[in-house]
Amino acid sequence: MDNLYQYLLSGLSNGAIYALIGFGFAIIHNATGIINFAQGEFVMLGGMLALFFLVFCGFPLSPSIILSILIATVVGIIFERLAIRPLKNAKPIRLIIITIGASIFIRGAAMLIWGKDTHALPAFSGNDPLYIAGATIMPQHLWIFAVTILVIFSSRLFFNHTIIGKAMRACAYNAQAASLVGIDVRIMVMLSFSISAAIGSLAGIIIAPLTMTSYDVGIMLGLKGFCAVIIGGMSSGLGTVMGGLLLGLLEALGAGFISAGYKDAIAFIILLLILFFRPEGLFGKKETERV
Amino acid sequence: MTKEKRQIFVFLIFALALLTIPFLLRESYLLNVLVFIGIHTMLAVALNLLLGYAGQISLGHAAFFGIGAYMSGILTARFALDPWLVIILAAVSAAAIAFIIGFPILKLKGHYLAMATLGFGIIFYIIFNETVGWTGGPSGLSGIPNLQIGGIIFDNDMCNYYLVWIITIAVMLLSINLSQSRIGRALRAVHDSEVAARVMGINAWVLKVQIFTISAFISAIAGSLYAHTMTFISPASFGFNFSVELVTMVVVGGLGSIYGSFLGAAILTVLPEFLRVFEDFDIIIYGLMLILITMFMPGGLISGFQLLAQKVNLKTKGK
């Protein structure tokens, strides 16, 4: 019973991270139709930059976090400006290869700068477990839940109640029509990359104290985030959250009760099953194909 | 010369050049590199059929390479089956897996196809790692016997060179033929516009599954040859990074060009040997190459050569 509780807790906190990463995928996909294979590298950048500022430079916690997110966001903007924008209207296959190239490049650069070692980021508020209603919980788990809820609520506010957020949604529906009513589509695309990079790096920062971080954590985390967004459906924000949590729970239970070695396979088997049988996601609406 | 005659001529020169190289090179290290170029060429050609001709991406092709290598490795090292028989068995098994998985997977398009094949590749990578009783797990599988025909044992670089390159040249010839057959034209039609191809009466879905199956078949043969020439295999050679490296070979060489695949395979095999001087730089350079070539040279390096050849041709004709 005690084990089950631990599995559920770690499953939910990993799931929250997957949901955040998935959010990043969905924002770029909705604005541009691109699946950004470099998404995981923003997550890695978040963790590694926070580690760099906090541990190597000795900065306090909050400036380190803010600086890390800022730098990752700038990387996102540069990436969009240099590699995506010149290729607008290219076939998906070229865009896939470009984003893969960018992800390898960012990963390689991180390896050259920070080396190949795995590091642990100190937990934000210590490692003393809290006792809530007879159950133990690490403070970092609470941080993860709080940040995830905050991000989801503020992005909901942003996309539904601000003029820029509404403009971005308009671009997602129909970029041409949006530009006809005076929305600068290029700025919206750039904005989607920066928001996506910011959320991704934030996810990387808050998970780093629990899972350790190194230059190559981005691949797996990125793929899991993609899996979350596929389960939930690209068009559904709440669906992504549910998808992330579901994936986190299934993984944790699978690792706990079946086999830890096959933990990562679970995500990909789910991914394939969903893509085969319900490509619009469990919570998404079916889209008609346009020729 | 007609176009067809010129093509045959070019291919013959290419094949002859490759078959005479070992007489010029006495150094075994270079021959060893060339053996790897051969195996990589086979893989790049196989992926190019799918990526360059049909326009369908696969980020999981290392899985088929791995299936070939592990089936050959396990069945010959642990069960002492006849290696040649196992090569065919492995290739047919990989093709069967590709055929079965191909129907649902190739219904997907673009980014979704990329992610699905990636997931497929990672699942196999995890299987290679976790089925320790069969594959030896992360520490690898050793003691794979060399191939032999009659009295010849393929245990030195010279023998392996001919073994690998004769099969590679055969694969290249078949692929060139395939690309110019009815199937090849249909594939290009699907590449340009799947809807238009379907309107013309091409069953795009079945066609894509067919080419995926052929591609897996060739990749598995490359895997078997790899296992028998190396005599040791470990999962690290069959992971996501290698799948990406294969895509890089095809893109760098030139999408839809068989000679381009050879060029890409050669460059990506030789590059790490040079880069060993600046260790760890290879990954960042692969990334940069992928980005720059996709952005500025969508036809790959081979198209650059062709352009150059045309210019030279024009100049000499002008005189």
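How many helices and strands does chain B have?

1. **Reading the model.** This is a predicted model, in which local features need pLDDT of at least 70, side-chain atom pairs count only at pLDDT 80 or more, and totals for chains, interfaces and linings use all residues. Residues are numbered from 1 along each chain as its sequence is written, while chains are lettered from A and ligands numbered from 1 in the order in which they are written.

2. **Chain B overall.** Chain B has 14 helices and four strands. Helices (H or I, at least four residues) and strands (E, at least two) are DSSP runs, numbered from the N terminus. The radius of gyration of chain B is 20 Å, close to the 20 Å from the globule rule for 319 residues, so chain B is as compact as a globular protein of that length. That radius is taken over C-alpha atoms, and the rule is 2.2 Å times the number of residues to the power 0.38.

3. **Burial in chain B.** Of the 319 residues in chain B, 49% are buried. A residue is buried if 20 or more other C-beta atoms lie within 10 Å of its own, exposed if 12 or fewer, and partly exposed in between; C-beta atoms are placed from the backbone.

4. **Where the chains meet.** In chain B, 32 residues are in contact with 34 residues of chain A. Contact means C-beta atoms, placed from the backbone, within 7 Å. On the chain B side, helices H5 (110–130), H11 (240–253) and H13 (282–296) each give two or more residues. H5(B) provides the largest share, 12 residues. This side divides into 24 nonpolar, six polar and two charged residues. Here Ala, Val, Leu, Ile, Met, Phe, Trp, Tyr, Cys and Pro count as nonpolar, Asp, Glu, Lys and Arg as charged, and the others, Gly among them, as polar.

5. **The core.** The largest nonpolar core has 196 residues. Such a core is a set of buried Ala, Val, Leu, Ile, Met, Phe, Trp, Tyr and Cys residues joined through C-beta atoms within 7 Å. A:Leu20, A:Cys227, A:Leu271 and B:Ala94 have the most contacts inside it. Helix H10 (residues 204–230) of chain B gives the most, 15 residues. Not counting residues up to four places away in sequence, A:Leu271 touches A:Cys227, A:Ile230, B:Met115 and B:Gly119.

6. **Domains of chain A.** Chain A is divided into domain 1 (22–121 + 139–216) and domain 2 (233–291). These bounds come from an automatic or database domain assignment. Seven residues of domain 1 are in contact with six of domain 2. H1(A) gives the most to the domain 1 side, with five residues.

Notes
Two residues are in contact if their C-beta atoms, placed from the backbone, lie within 7 Å.
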